[in-house]
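Thank you all for making time this morning. I would like to walk you slowly through one model, going from the whole chain down to single residues.

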Amino acid sequence: MALDGQKTAYKYIGTTPNRPDGLDKVTGRARYGADISVPGMLHGAVVRSPHAHAKIVKIDATKALAMEGVKAVITRADFPEGLEGEDWDIQENCMAGEKALYDGHAVAAVAATSPLVARDAAKAIEVTYEILPHVTDVDEAMKEGAPVIREGAADFSVPEGLHPNVVRYFDSGRGDLDKGFAEADLIIERSFTTEAAHQGYIEPHACLGQMGADNRGELWVCTQGHWFMRRMSTAVLGIETTNIRVTPSEIGGGFGGKTTVFIEPLSLALSRKAGGKPVKMVMSRNEVLRATGPTASASMDVKMGMTKDGRITAAHGTFRMQGGAFAGAPVDVTTMLAFANYDIEHVHHIGYDVITNRPRQAAYRAPGAPMAAFATESVIDELCRELGLDPIDTRLKNAAKEGTRATFGPKYGPIGFMETLEAAKAHPNYSEPLGPNQGRGVASGYWMNWGGETSASVAISEDGSVTVSVGTPDIGGSRASMALMAAEAFGIPYENVRVNISDTGALGVNEPTHGSRATYASGLATIRAAEECIGKMCKRAADKWGIDPEAVVWEDGCAKPSGPNAGEFPPMTIAEIAGEMGGTGGPISGHYEDSPAGFSGSFGTHVVDVEVDPETGRTTILRYLVVQDAGKAIHPAYVEGQFQGGAAQGIGWALNEEYIYGEDGRLQNPVFLDYRVPVASDLPMIDTVIVEVPNPGHPYGVRGVGETGITPPLPAVANAVRDATGKRICKLPLRPSRVLAAIQGKEV
Amino acid sequence: MTKRIHVSTTVNGDEVDYLCDPRETLLDCLRDHLGVMGVKEGCGTGDCGACSVTLDGRLVCSCLVLGVEAEGKEIGTVEGMADGEVLHPLQRKFIEHAALQCGICTPGILVAAKNLLERNPDPTETELRYWLAGNLCRCTGYDKIIRAVMDAAAEMREAS
């Protein structure tokens with residue numbers, strides 16, 4: 001599909017060169033959050049509540065402070081009072097005030113001369129608690145009589161008469177539900193639950209903070225967004241934002257979970273108290289699972305109506321989600337996207353954001369979308385089964401396309417949902433014969449993507465090579481994508497571009513690598529900044545030739561005279577122009593900043609085949625297909641990688657991963673042995689098809705691809721297990737015990 | 001303070017020594033005392049494999065070995081895989097196949113895969129998947145990792 005003003009023929013885009021940071025990462029040289037040490041460095045450790053809900057009566061650090069090598073202890077008393085809104089939430093989550101709100105909540109921290117001394121000192125800090133009743137389940141937390149986490153936490157949206165733990169309420173829709181359901185030949189309504197899942201990045205949070213008595217300092221940290229890190233850390237400390245310069249390390253996975261702060265303000269506060277010595281803090285896996293931000297858990301009721309020939313006539317969904325002890329469960333997104341795949345006239349969504357005694361949730365890949373997809377795509381599967389309809393044909397009949405008014409309001413521009421369905425149907429996996437105890441599941445999903453604050457610079461070096469500086473940490477190969485886009489814009493080899501992730505001192509504010517925005521937004525800014533450089537280089541050539549700059553064009557890395565009055569001059573290469581730039585007007589660079597609004601969503605359709613062992617209930621993934629619209633795949637291998645990684649995480653959420661809280665409100669499985677993410681032997685190869693329906697809001701047609709891929713697996717796997725066993729299981733995960741119980745006809 | 005113990009060992013062929021607290025793991029000692037930062041900590045409980053090293057040729061999680069146990073042993077890490085400027089075929093194939101995204105699990109997986117290919121130069125996909133089942137990767141879904149190792153194994157068989 002050609003779009004006005006958009007390139008369609010590429011020299012570098014769509015190729016798969018080696019990533020620029022590959023060598024460092026296969027040789028162990030790449031430096032991640034925990035890989036830096038500086039002279040005079042101290043080590044921090046955190047004291048965490050063992051209780052789900054408790055009043056903090058007293059914190060006695062006398063013994064700890066008397067230990068050899070202990071330099072500082074901090075509690076909430078070391079942080080400013082009077083913060084409001086989200087800033088207060090973040091501060092309260094980083095360091096408990098009057099109450100510990102969940103198992104793992106930080107109550108004090110210590111800095112000492114070695115990690116072992118710090119750990120011993122943390123154990124020596126005596127905290128007296130008064131244990132309070134707790135609640136960790138979303139449905140329980142809404143019931144009359146449930147323990148109140150915090151009075152007055154609800155905002156204006158919550159109707160009267162609801163439990164104080166309901167802190168936000170969402171209600172949206174259109175059309176006439178009664179009319180829509182009356183048109184249906186079949187109506188199905190089911191209730192679903194999903195458990196909290198953790199992003200499960202392999203690198204625990206780590207940072208090195210330094211701050212003096214003047215409240216100025218630096219922070220080295222693994223983060224998806226160092227400007228977010230700077231803003232939140234300084235807000236928690238009550239100091240001015242620019243006082244701290246933040247440098248991002250290489251990042252060992254984030255998936256949304258490294259877009260907020262946990263230990264970073266503590267390291268800065270400890271450093272200040274220890275006379276400005278730098279303080280390194282590294283979380284254990286136990287701390288990561290207990291005290292960082294898993295996703296929300298959900299309880300949902302979805303009702304949909306369909307005609308005999310497969311047209312969806314109406315849809316209604318109620319979504320209750322808990323995101324820990326603070327407002328913020330992504331139920332707004334859940335309601336927004338629940339039925340967004342389809343063209344539905346009569347639709348209504350209700351959402352409840354509920355607080356519980358669990359850690360404050362953080363973003364996790366397409367936050368809020370997978371839960372909704374599990375409910376709605378399961379109901380559609382049931383409707384297709386009962387009516388004897390093909391699941392892909394039925395989705396094609398209802399699919400949103402360009403011009404469809406989305407269930408959340410706006411009209412879609414060019415989108416590739418139909419194309420993903422057609423490609424899935426045509427793929428050999430969809431017609432592969434199935435054996436006994438095997439089943440096939442289909443599901444689709446959507447993520448709207450994001451632009452966000454973006455600032456990038458491009459500078460020409462003396463030899464005509466190019467430095468690109470962006471502010472979005474490279475979490476999965478984005479430096480390769482930026483270099484490809486710069487190479488394409490300049491018409492110079494990929495190898496002649498170096499991409500840096502700049503610190504907060506070098507660029508304007510950048511949002512994190514989140515919302516599937518980095519390749520779209522930093523890529524757009526890179527191309528625009530390159531175009532500014534090209535304009536300047538054309539001017540330099542024009543000045544040299546004594547012709548009008550408008551009579552110079554840029555082609556294949558050269559300025560060339562063009563047009564009837566331009567004259568005959570040999571082209572000037574970028575290297576020639578760069579070599580002279582000191583004498584022709586000085587350095588040449590380009591800059592671009594924007595909150596680009598031309599982002600466009602990505603649809604995906606997944607097809608999975610499973611085999612369920614009727615003796616044990618264990619589900620084996622036999623085959624897996626991801627089809628997704630990339631807009632334009634800049635580096636197709638890393639696009640496939642996003643598809644495959646999202647699918648694997650979704651499979652884990654569907655089959656095994658869950659937060660398990662005991663009666664005492666403590667997390668029962670804060671270790672990778674028991675929080676069971678997929679391992680290599682759990683998965684087959686993951687087949688991919690990249691659909692390319694260009695996004696008109698990006699010069700090369702890019703959509704984000706990072707998040708959509710985690711959305712379809714939850715329902716796709718559940719639909720396949722239904723196909724294999726004849727049992728519809730409406731609770732995730734589909735762990736063997738649950739599937740076996742269903743096969744045996746027990747309540748699950 | 002606990003009395004520290006002197007340990008002499010060999011890392012990637014180089015003789016080294018360090019003083020360690022008897023509670024410190026080999027992982028702690030490699031990183032904090034010797035600066036061998038290619039060895040990563042993902043869990044500290046032997047579940048993720050990011051800290052994989054070889055100890056006298058045997059693949060271990062260095063977080064499950066005490067620092068004092070390295071006395072007189074030979075330790076192999078990712079830093080010892082390349083021959084000067086020349087990458088090990090596994091390292092090269094990981095880059096070519098885009099078999100890493102964030103890269104934090106990569107050193108451990110490379111060490112584990114190399115150890116497998118030394119024992120079994122021609123593993124099946126299933127054998128490889130079970131061998132690497134102790135190395136978690138959260139980014140890739142393993143597809144490209146498996147392809148990279150199989151491709152490297154084929155190239156190494158051809159070369160030998």
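What we have on the screen is a predicted model, and I will begin with chain A, whose secondary structure comes to 19 helices and 26 strands. The radius of gyration of chain A is 27 Å, and since the globule rule gives 27 Å for 748 residues, chain A is as compact as a globular protein of that length. If you follow the C-alpha trace of chain A along its principal axes, you will find that it spans about 85 × 75 × 50 Å.

Let us now look inside. Of the 748 residues in chain A, 60% count as buried, and among the contacts in this chain with a separation of 6 or more, 80% are between residues 24 or more positions apart. In soluble globular proteins, nonpolar side chains tend to be buried together. Here the largest nonpolar core has 291 residues, and those with the most contacts inside it are A:V110, A:A486 and A:V717. Which helix gives this core its largest share? That is helix α15 of chain A, residues 518-545, which contributes 14 residues.

Three strands form an open sheet in the order β20-β21-β22 of chain A, with antiparallel pairing. Because β20 (552-555) and β22 (572-573) of chain A stand at the edges and have a single partner strand each, one side of each is left without a neighbour in the sheet. Four bridges join β20(A) to the antiparallel strand β21 of chain A, residues 558-561, and, as one example of a bridge partner, A:V553 has A:K560 in β21(A).

Finally, we turn to chain B, which is divided into domain 1, residues 5-79, and domain 2, residues 89-159. The C-alpha centres of these two domains of chain B lie 22 Å apart, and the contact between them takes 15 residues from domain 1 and 11 residues from domain 2. On the side of domain 1 of chain B that touches domain 2, strand β3 of chain B (residues 52-55) gives the most, with three residues. The residues of that side of domain 1 divide into seven nonpolar, seven polar and one charged.

Terms used
Residues are numbered from 1 along each chain as its sequence is written. Chains are lettered from A and ligands numbered from 1 in the order in which they are written. This is a predicted model: local features need pLDDT of at least 70, side-chain atom pairs count only at pLDDT 80 or more; totals for chains, interfaces and linings use all residues. A nonpolar core is a set of buried Ala, Val, Leu, Ile, Met, Phe, Trp, Tyr and Cys residues joined through C-beta atoms within 7 Å. A residue is buried if 20 or more other C-beta atoms lie within 10 Å of its own, exposed if 12 or fewer, and partly exposed in between; C-beta atoms are placed from the backbone. Helices (H or I, at least four residues) and strands (E, at least two) are DSSP runs, numbered from the N terminus. The radius of gyration is taken over C-alpha atoms; the globule rule is 2.2 Å times the number of residues to the power 0.38. Two residues are in contact if their C-beta atoms, placed from the backbone, lie within 7 Å. Domain bounds come from an automatic or database domain assignment. Ala, Val, Leu, Ile, Met, Phe, Trp, Tyr, Cys and Pro count as nonpolar, Asp, Glu, Lys and Arg as charged, and the others, Gly among them, as polar. Two strands pair if DSSP finds at least two bridges between them.
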